[in-house]
Amino acid sequence: MAMVQPRNLQYRVWAARIVMIALLCLIMFPFLMIISVSFRTGNFATGSLIPDNPSLEHWAMVLGIPYETADGNIIQPTFPVLTWLWNSIKVSLTTSALILMLSTTGAYAFARLRFRLKNHLLTSMMILQMFPAVLALVAFHAFFNKLGGVVPWLGLNTHSALVMSYLGGITMHIWLIKGYFESIDVALEESAYIDGATPWQAFRHILLPLSVPILAVVFVLSFIGVIGEYPIASVLLQGVDKLTLAVGVKQFLYAQNYLWGDFAAAAILTGMPITLVFLMAQRYLVNGLTAGGVKG
Amino acid sequence: MAEVKLTELDKSYDNGKSFVLKNINLHINDGEFIAFVGPSGCGKSTLLRMICGLEDITSGLLELDGERSNDMPPNERSVGMVFQSYALYPHMTVRENMEFGLKLAKADKAEINRRVDQAAKMLQLEKLMERKPKALSGGQRQRVAIGRSIVQEPRLFLFDEPLSNLDVALRVQMRQELAFLHTRLKTTAIYVTHDQVEAMTLADRIVVLSPLAEGAQTNLEQVGAPLELYHNPCNLFVASFIGSPKMNFFRATIVASGASETRIKLECGTELTVCNDTRYANPGDKVTLGIRPQDVLPQDSNIGGKNWITGSIETIERLGNESFVYLKHPDSHEAFIARIEDSMRRERGSEFRVGVPAQNCHLFDAHGKAFKRTQSPKFD
């Protein structure tokens with residue numbers, strides 16, 4: 001926008017930059033601290049930002065490599081952290097994929113079809129979602145405990161049970177996608193019907209490809225939400241091999257002995273898949289997919 | 001190629017509380033070009049969408065080629081439609097847009113290419129085939145939309161105000177291309193427009209629809225050839241809708257009725273003779289006189305005979321080849337417009353006398369129904 005600007009704009013630009021840099025420091029500092037802790041010898045939460053004698057012991061521990069200390073002792077890794085990481089990725093990817101399938105089809109119904117009580121359903125879903133899922137922890141536990149008796153692969157301490165419980169939280173995604181669908185002209189699908197498409201084909205070949213940006217957003221959001229989720233996972237999963245990373249890293253923090261160094265290394269590991277997913281999703285977050293389809 | 005037959009078609013919302021279309025009866029012959037015209041809100045687009053299956057039919061019968069099609073989904077009707085907004089698939093190239101329907105139908109690859117290339121050639125789209133819609137101009141997009149329905153070889157073309165988003169010059173050009181296309185393909189076509197010039201120039205027959213009035217039996221006003229509607233409108237609505245500028249109307253009463261000539265009197269006292277068959281009317285009946293701006297004669301003409309209407313000048317629009325004089329007359333609802341051929345400057349407020357040839361007059365009864373004209377011009 002090439003609008004004419006008053007002369008004191010320069011000062012304001014600089015002021016804005018300073019505020020932004022300050023904000024960035026505020027956000028970056030804890031992150032840098034975690035990195036620093038993970039390379040520090042011993043388990044100390046405090047210390048200088050650049051470690052005095054950096055060591056890889058925590059990273060070796062987390063990556064499951066036996067580590068030889070300076071005095072010749074070999075330390076075996078205590079926990080299967082890489083398994084936890086894999087568990088987290090597995091659960092997050094399946095959940096996000098299933099959420100995407102359920103919420104796009106659900107949003108399609110709410111955006112395009114006419115049925116009774118549509119608006120009531122939408123509002124009641126919204127209201128239900130306002131209660132945090134944590135409130136239902138006991139219910140989840142009891143439910144999957146019983147279910148496991150009938151369907152073993154959906155019982156407690158299974159990843160499928162965890163995925164199932166996460167699938168309840170799709171209301172926000174439905175609203176998000178519904179809003180996007182409604183911004184796409186119905187005439188596009190109508191013209192597909194005229195071209196001989198069934199409703200499913202119009203959805204699959206016209207509506208979905210045009211909604212890729214919002215689908216990427218929903219995928220990333222649900223991925224982040226699931227990979228960092230603690231309460232439900234901590235209740236449903238019990239075996240050490242089954243834990244997700246978010247629950248597992250808690251194991252490094254005994255009441256008597258806080259293994260801050262190992263904890264920090266594992267925490268950074270958790271951030272890696274999120275970063276990767278985000279980088280991959282970025283290429284789909286583009287504007288103007290629908291440009292030129294209809295005369296506005 | 002298709003015949004379309006509508007029998008007592010209704011469309012209503014809210015369980016029959018509000019009707020949009022009522023009692024539509026229409027028979028469209030194979031290969032015919034039909035235009036639906038009417039002011040906005042008359043349901044012409046709704047009627048079109050009912051024919052292609054995008055709106056459901058409340059009651060009545062829709063037959064395509066003699067087969068009841070009320071409940072057939074749009075993808076099985078094999079009709080082609082061009083939307084007002086073009087509705088091109090923005091994520092596909094022009095070629096993919098045109099192939100889409102054929103690919104869904106799992107047509108043979110060679111056949112798809114043949115049809116797409118043929119349509120592209122016909123519509124001069126060959127150089128644009130690999131572009132996305134956003135890289136096209138309005139006219140080109142419209143051509144792609146037409147091409148997309150041509151390649152399907154539908155039995156029926158539906159056009160929903162296809163030219164209303166184009167600028168005037170392009171509209172005239174596309175209008176001619178559409179006319180040419182129809183003579184070439186000879187597919188039955190239904191064309192919705194609010195632009196009567198498009199309807200008059202393109203259509204074999206025009207269907208005039210009106211917004212449904214309270215208690216009206218139907219909102220289909222008249223069906224006929226363009227000139228038939230122009231010269232012999234069956235009621236006040238059609239008379240005022242067809243023709244530009246609009247027909248002038250005057251309140252009058254019958255003085256003497258007759259089979260070939262009628263004597264009427266305007267409320268201001270002016271007596272006129274008109275060529276209308278009013279055998280079934282009585283002297284004293286209230287009527288409406290209609291005369292088109294193009295059908296009057298200027299005051300210095302001698303051909304006017306004894307029929308004159310005098311008004312005072314409000315404004316004059318001088319267009320060079322012609323002028324429209326807006327007159328004030330006590331019996332006319334709106335300004336009385338007269339077309340004259342000179343472009344002289346005239347004093348505002350001065351009296352202006354207009355000749356009203358008897359054979360050019362239209363006469364309508366109190367319900368708006370037209371009396372038959374006895375000397376209307378010949379046309380084929």
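Mentor: The model is predicted, so local features need pLDDT of at least 70 and side-chain atom pairs count only at pLDDT 80 or more, while totals for chains, interfaces and linings use all residues. Residues are numbered from 1 along each chain as its sequence is written, chains are lettered from A and ligands numbered from 1 in the order written, and side-chain values use heavy atoms, without hydrogens and water.

Trainee: What makes two rings an aromatic pair?

Mentor: Rings of Phe, Tyr and Trp (its six-membered ring) pair if their centres lie within 6.5 Å; planes under 30 degrees apart are stacked, over 60 edge-to-face, and the rest tilted. The count over all chains is 21 aromatic pairs.

Trainee: Why is the pair F219(A) and F223(A) called stacked?

Mentor: The centres are 6.4 Å apart and the planes 20° apart. The limits are within 6.5 Å and under 30 degrees, so the pair is stacked. Both residues lie in helix α10 (residues 212-227) of chain A, 4 residues apart, about one turn of the helix.

Trainee: Why does F223(A) count as buried?

Mentor: Buried means under 20% relative accessible area, exposed over 50%, and partly exposed in between (1.4 Å probe, protein chains only). F223(A) has 2%, so F223(A) is buried.

Trainee: Why is the pair F249(B) and F364(B) edge-to-face?

Mentor: The ring centres are 6.0 Å apart and the planes stand at 65°. That angle is over 60, so the pair is edge-to-face. Both residues are buried.

Trainee: How do you know that D195(A) and R148(B) form a salt bridge?

Mentor: A salt bridge needs a side-chain nitrogen of Lys or Arg within 4 Å of a carboxyl oxygen of Asp or Glu. Here the closest N and O atoms are 3.9 Å apart, so the pair qualifies. The pair crosses between chains, from a loop of chain A to helix α4 (residues 138-150) of chain B.

Trainee: Are D195(A) and R148(B) buried or exposed?

Mentor: D195(A) has a relative accessible area of 7%, so D195(A) is buried. R148(B) has 2%, so R148(B) is buried too.

Trainee: What is the label for E334(B), and what is the label for K246(B)?

Mentor: E334(B) has 52%, over 50%, so E334(B) is exposed. K246(B) has 36%, so K246(B) is partly exposed. Their side chains meet in a salt bridge at 3.6 Å, N to O.

Terms used
Helix = DSSP H or I, 4+ residues; strand = E, 2+ residues; numbered from the N terminus.
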